[in-house]
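Hello,

Here is the structure I promised to pass on. Please open it first, then read my notes below.

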Amino acid sequence: MLGPPVMIKQDGLPEHYRQFQIWQDHKPAEELYDTENDPEEIHNLADDPAFSDIVDDLRQKLFDWMIETRDLGLIDEPEIAARAEQFNGISHAVGAHCDNYERILETADLARMGEEAKEELAKRLGDPDSAVRFWAVTGLCSLGVERAMIEHLSPLLDDPSISVSLAAGDYLVRAGEGVLALPAFERALLSDILWARLRAGAYLSYRSREELQPMAPLIPVLKQAINKQEMFGPEHNAQLEKNNYTSGLGGQRDGIVREWVLERVMKRIELSSA
């Protein structure tokens with residue numbers, strides 16, 4: 001018996017459901033809904049000039065709260081783990097001691113401006129703060145891949161920050177230059193930081209068959225990453241033992257990182273090369 005139709009690019013979806021954001025190819029940068037008159041949140045009002053004051057007010061309130069709480073959502077997980085080394089593995093201390101938070105937030109928000117933000121994002125690729133560099137690469141990637149940017153991003157493949165080098169690697173894979181990105185992905189996949197291995201696999205999870213074909217040399221590296229038992233560097237061991245995190249993180253390592261991400265990515269690369 002045949003199952004339900006495969007829903008690719010909305011094929012097989014009833015017309016009504018095609019309106020929902022969950023089925024769209026791209027998620028908008030901001031969303032605002034009239035939940036009283038539009039309870040299913042179909043009509044996004046964020047770009048409606050009539051609601052610009054509300055959008056501006058809500059955005060500022062969000063940014064103020066993020067700055068006040070030093071929201072760690074602005075810092076990539078591998079970067080948090082790396083920065084936490086100087087604080088005995090305590091992630092919260094990373095945000096509490098971040099003295100450049102406003103610039104990180106400003107950089108993360110630049111892509112919302114669209115094409116006019118590209119020049120400034122390109123300038124920030126050389127920023128002293130790795131979190132700023134990460135958002136500069138991520139912002140450029142979200143605005144579309146341009147081959148002219150490859151020479152600007154290639155040096156970041158050797159960035160001291162795994163988060164930055166992986167973001168640059170993802171850009172190059174999208175640009176059809178995956179071979180250049182192999183060392184960045186290999187470095188992350190062999191890292192003792194669990195989130196670095198997860199991030200490397202996650203980036204590759206979203207790539208097409210054609211984009212994955214040059215990544216075949218990563219298959220033996222993925223096998224090593226799948227079998228790797230470490231979750232963080234040795235500087236975190238005392239904190240992990242003290243807080244009894246080991247069993248929970250072990251489940252994430254074995255279930256999410258190994259089975260859901262790395263094993264599937266390895267299979268997809270194998271199939272792309274067949």
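The protein chain has 14 helices and zero strands. Along the sequence, the pattern is α-α-α-α-α-α-α-α-α-α-α-α-α-α. Please keep in mind that this is a predicted model.

Next, the chain as a whole. It has 274 residues, and 43% of them count as buried. Now take the contacts with a separation of 6 or more: 61% of them join residues 24 or more positions apart.

One helix pair deserves a look. Two packed helices are described by the angle between their axes and the distance between the axes. Helix 1 covers residues 52–69, and helix 4 covers residues 101–110. Their axes come within 10 Å and cross at roughly 145°. The crossing of helix 1 and helix 4 is right-handed.

Which residues make the contact? Helix 1 brings Phe63, Met66 and Ile67. Helix 4 brings Tyr101, Glu102, Leu105 and Asp109. By class, five of these residues are nonpolar, two are charged and none is polar.

Last, the cysteines. Cys98 has 8% relative accessibility, so Cys98 counts as buried. Cys141 is buried too, because its relative accessible area is 10%.

Best wishes

Key:
Residues are numbered from 1 along each chain as its sequence is written. This is a predicted model: local features need pLDDT of at least 70, side-chain atom pairs count only at pLDDT 80 or more; totals for chains, interfaces and linings use all residues. Side-chain values use heavy atoms; hydrogens and water are left out. Helices (H or I, at least four residues) and strands (E, at least two) are DSSP runs, numbered from the N terminus. Buried means under 20% relative accessible area, exposed over 50%, partly exposed in between (1.4 Å probe, protein chains only). Contact means heavy atoms within 4.5 Å. Axes are lines fitted to C-alpha atoms, for helices over the stretch in contact, and angles run from 0 to 180 degrees between N-to-C directions. A crossing is left-handed if the near helix is turned anticlockwise from the far one by less than a right angle, and right-handed if clockwise. Ala, Val, Leu, Ile, Met, Phe, Trp, Tyr, Cys and Pro count as nonpolar, Asp, Glu, Lys and Arg as charged, and the others, Gly among them, as polar.
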